[in-house]
Amino acid sequence: MKAKKWMNKRRSSIRGRLQKMLKCMRSGEQFRVEDVAHSSDSLATRDYSASGYSSRTGQVEAKVDNSNIEEAESSLRESGYLNYEEARALLGRLEYQKGNTQAALQVFEGIDIGAVIPKIKVSISRRCESNRRHSQSDAVPPMSMHAVSLLLEAVLLKAKSLQGLGRFGEAAQSCKIILDTVETALPEGLPLNFASDCKLQETVGKAVELLPELWILAGDPQEAILSYRQALLYQWSLDIESTSKIEKEFAVFLLYSGCDASPPNLRSQMESSFVPRNNIEEAVLLLLILLRKFVVGRIGWDPSIVEHLSFALSVSGKLSALAHHIEELIPGIMGRKERYFTLALCYYGEGENLVALNLLRNTLNDSESTDCILELLLASKICSENLVCIEDGINFACKALSELDGECYPLLSIANCLLGFSLSVISRSVSSDSERILKQSEALQALETAETFMRERNPYIVFHLCLEHAEQRKLDVALSYAKELLKLEAGSSIKAYTLLARILSAQKRFIDAETVINAAVDQTGKWDQGELLRTKAKLQIAQGQLKHAIETYTHLLAVLQVRSKNFGVEKRLLKSRRSHNRSLEMETWHDLANLYTNLSQWLDAEVCLSKSQAINPHSASRWHCTGLLYEAKGLHQEALKSFRKALDVEPTHVPSLISTACILRKFGGQSFPVVRSFLMDALRLDRSNPSAWYNLGLLYKADPRSSPLETAECFEAAAYLEEHAPIESFR
């Protein structure tokens, strides 16, 4: 009982002295030294009235916050006095809590942080050593934990005050002091429940979360990245929600900030551990950690995690990995419709079109699925790329238009564009001229309807309008659309440059076309110049600049081979893109082989064909080039064998169909219908091929039974198409 009475008396004495001290600070009066006899650096030695925030006018409340009093009581009980820095920390907190940011900052700036930080470090370190030994250390810490907590909180509130005043760089530096102090004092990390009897853990946690935000506001992304990594790699004893929040914010920053992060420098790691090499890899790692936390039940579901992960894996070409993680999600997290659509997008991006289409059909055939506009549009797009199901593509587009019922102009525009594209594909495969003209007309009408629904000019629709007009040899209209497309995409699309150059080449403006390609090459990274360089070489051939063309092809092959050996670059590409690059390299060898064949450089042509064979031994294009080489040497039988092997590999290979017909016609002895069938097959596949029309005209001319009118029509078509033929197909 006596001890209890003594403690109550002691508590009343402390509270009375504290009330008196804070009132003196507010009024600017001097406090009697004997009342703070234990303090070697008391407020009695300094005059707070110089700060200009005196409360003598009675404008400041006299009431002192109980939480501040209790904090001070704890410090007084432990150390026996409240020194100048601690008192300023308390008063600064009071001003901050009342919203007086400027006043609070001026109070906090009166604290000599540089002088107290070494004491704080020693105090934290000794407290940790004491906890580890489960006994009190002989060395008494220079400061109590409550005093340490009070002063570090003052540093945090100073940072927040600076943030509120827009001084973000200074705020970040102030906040950084807290983390550096704790990290230096405890290199192995903050123990669990360390100093749980005061607000130290809470203050440190708030500083950890605040520092990256302050660096971002200060416009220093590299420091923000370092502070995020410091928050995640050091043991701060944060709760799972705080850690997850930081991981998500860091991932979002890495994905969308636009700055390049250098690989993290880890203190220690296992030999086989994964170290991210760039922003995307680090963001993906963080998002996968969050996803795993959800799977094991440590955090609640956050749909934005999958959204950010989808973006990160998509731009890095890892769509199959994204599909795998989506398939692993617990049923019920994502709706069946959303899951199937996302998986369809993944498989479509990986070139698995039939898998994607089957997933979409599952959704569309489900009677419970409603509002499937996006699914219908994607299904239509996939079908438009496959002649086998092109009719389904038209049906999907029509159904989407029916369900839209005139609403949502952007989607109406896309649906009409897909319908027009599908009709255009069909028009190139029909045998009847009247039906082909009808389908072309319907395709152009659908594309023009798509144009009328555009609220803003859509590059995708403008591209298909340009392409359709070019295919129908309306070159002036196509040229205007190509120029518009280039402006819409701000010169960033290789496809737009290439299409413009092809249209100019169809107008026989080869110099202008080459100028366009040169401009595109100058603005394109070296790994993406393949198609442009191949187009440039063909333009040089068209102008008779064969040596320049060889140099261009050689440069292109060098770029392709270096890229294929650069594992990092090649690995980041989508599977479909890697396949395209191999195909481009093979076709470049074929172009070069044909060029050497025309120059009668047989050995060089054979070397090129051997290089092509190493890429793909079963290529119709390679067999056709081999046949042309034999034909140039006068070995017609060998040439015919090569053309037939090309057709065995690819029965619809148009150049081989035409070359086979030419060889058979030269042999004589072959029946007229056999030769004609090869040429008609070629025209059925490609109605705009001038070589097929010309050779058909020669066949009719040599046959006395043929009508002169038919012969004339074939030559007329060949002349017209040759006059407006691009150096390579518009598509």
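I kept in mind throughout that the model is predicted.

**Entry 1: helices H17 and H18**

I began with helix H17, residues 390-404, and helix H18, residues 409-427. Their axes are 9 Å apart and the packing angle is about 155°. Angles over 145 degrees count as roughly antiparallel, so H17 is roughly antiparallel to H18. I also looked up the handedness, and H17 passes H18 in a left-handed crossing. On the H17 side I found Ile390, Ile394, Ala397 and Leu401 among the residues making the contact. On the H18 side the contact includes Leu411, Ala415, Leu419 and Ile426. Which class of residue would I meet in this contact of H17 with H18? I noted 14 nonpolar, 3 polar and 1 charged residues.

Next I stopped at Asp405, found in the loop between H17 and H18. Most residues other than glycine have a negative phi. Asp405 is not a glycine, yet its phi is positive, at about 50°. Is Asp405 buried or exposed? Its relative accessibility is 61%, so I wrote it down as exposed.

Arg473 sits in the loop between helix H20 (459-471) and helix H21 (475-488). Here the relative accessibility is 11%, so Arg473 counts as buried.

**Entry 2: helices H6 and H8**

The crossing of H6 past H8 is left-handed. From H6, the contact takes in Met145, Val148, Leu152 and Leu156, among others. From H8, Leu200, Ala207, Leu210 and Leu214 are among those that take part. By class, I have 9 nonpolar, 3 polar and 4 charged residues in this contact of H6 with H8.

**Entry 3: salt bridges**

How many salt bridges does the structure hold? The count is 29, and I followed up a few.

- Arg167 pairs with Glu109, with the closest N and O atoms 3.9 Å apart. Arg167 lies in the loop between H6 and helix H7 (168-185) and Glu109 in helix H4 (residues 101-109), so this pair ties together parts that are 58 residues apart in sequence. Arg167 is partly exposed at 29% relative accessibility, and Glu109 is partly exposed at 43%.
- Arg277 and Glu281 meet through their side chains in a salt bridge of 2.6 Å, N to O. I noted Glu281 as buried, because its relative accessibility is 18%.
- Lys666 and Glu631 form another salt bridge, at 3.0 Å from N to O. Lys666 is in helix H31 (residues 654-667) and Glu631 in helix H29 (residues 620-633), so to speak distant parts of the chain, 35 residues apart.
- I had already met Glu153 as one of the H6 residues in contact with H8.

**Entry 4: one threonine**

My last stop was Thr498, placed in helix H22 (residues 494-506). What does Thr498 touch, not counting residues up to four places away in sequence? I found Leu532, Thr535 and Glu728. With 5% relative accessibility, Thr498 counts as buried.

Definitions and conventions: Residues numbered from 1 in each chain as written. Predicted model: local features only at pLDDT ≥ 70, side-chain atom pairs only at ≥ 80, totals over all residues. Heavy atoms only, no water. Axes fitted to C-alpha atoms, helices over the stretch in contact; angles between N-to-C directions. Helix = DSSP H or I, 4+ residues; strand = E, 2+ residues; numbered from the N terminus. Parallel < 35°, antiparallel > 145°, perpendicular 65-115°, else oblique. Left-handed = near helix turned anticlockwise from the far one by under 90°. Contact = heavy atoms within 4.5 Å. Nonpolar A, V, L, I, M, F, W, Y, C, P; charged D, E, K, R; others polar. Buried < 20%, exposed > 50% of the residue type's maximum accessible area, 1.4 Å probe, protein only. Salt bridge = Lys/Arg side-chain N within 4 Å of Asp/Glu carboxyl O.
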